[in-house]
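Thanks for making the time this morning.

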Amino acid sequence: GSVYAGGKKEKAEMADAAKVTIDQAAKSATEKAGGKVIEAELEKKHGKVIWEVKTVDPDGKVTETHIDAESGAVIETKGKK
């Protein structure tokens with residue numbers, strides 16, 4: 001019972017729940033926050049599966065956008081210094 005196997009299974013389940021592709025999530029995040037996507041990953045937050053997309057604008061400001069992986073709705077955006 002390795003932790004790794006469990007993590008794999010959970011990732012697979014999260015991917016199943018995600019109706020929104022990484023490309024769609026990236027597009028939503030850049031439309032909302034601007035800039036370029038530097039990182040995107042599936043996370044379990046807010047009791048649901050979300051895309052956590054990090055974008056960086058031309059000034060170097062990083063924004064994290066949480067997107068509902070099922071509906072594609074933007075849940076929240078957080079600016080980072």
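This is a predicted model: local features need pLDDT of at least 70, side-chain atom pairs count only at pLDDT 80 or more; totals for chains, interfaces and linings use all residues.

Is Ala69 buried or exposed? Its relative accessibility is 0%, and because buried means under 20%, Ala69 counts as buried. Leaving aside residues up to four places away in sequence, Ala69 touches Ala17, Ala18, Lys19, Val20, Leu42, Val49, Ile50 and Trp51. Asp16, which is 53 residues from Ala69 in sequence, is 9.8 Å from Ala69 in space, taken C-alpha to C-alpha.

Now to the sheet itself, which is open and built from four strands in the order β1-β2-β3-β4, with antiparallel pairing. At the edges are β1 (36-45) and β4, each of which pairs on one side only, and neighbouring strands are turned against each other by 20° on average, direction ignored. Between β1 and β2 the antiparallel pairing runs over nine bridges, and Ala40 has Val53 in β2 as its bridge partner. Lying across β1, β2, β3 and β4 is helix α2 (residues 22-33), which runs at about 55° to β2.

Finally, please look at Glu52, which belongs to strand β2 (residues 48-56) and which, at 6% relative accessibility, also counts as buried. The side chains of Glu52 and Lys45 are joined by a polar contact of 2.4 Å, and the residues that Glu52 touches include Glu39, Glu41, Glu43 and Glu64.

Note on methods
Residues are numbered from 1 along each chain as its sequence is written. Side-chain values use heavy atoms; hydrogens and water are left out. Buried means under 20% relative accessible area, exposed over 50%, partly exposed in between (1.4 Å probe, protein chains only). Contact means heavy atoms within 4.5 Å. Helices (H or I, at least four residues) and strands (E, at least two) are DSSP runs, numbered from the N terminus. A polar contact is a pair of N or O atoms within 3.5 Å; within protein, one must be able to donate a hydrogen and the other to accept it, and residues adjacent in sequence count only if both atoms are side-chain atoms. Two strands pair if DSSP finds at least two bridges between them. Axes are lines fitted to C-alpha atoms, for helices over the stretch in contact, and angles run from 0 to 180 degrees between N-to-C directions.
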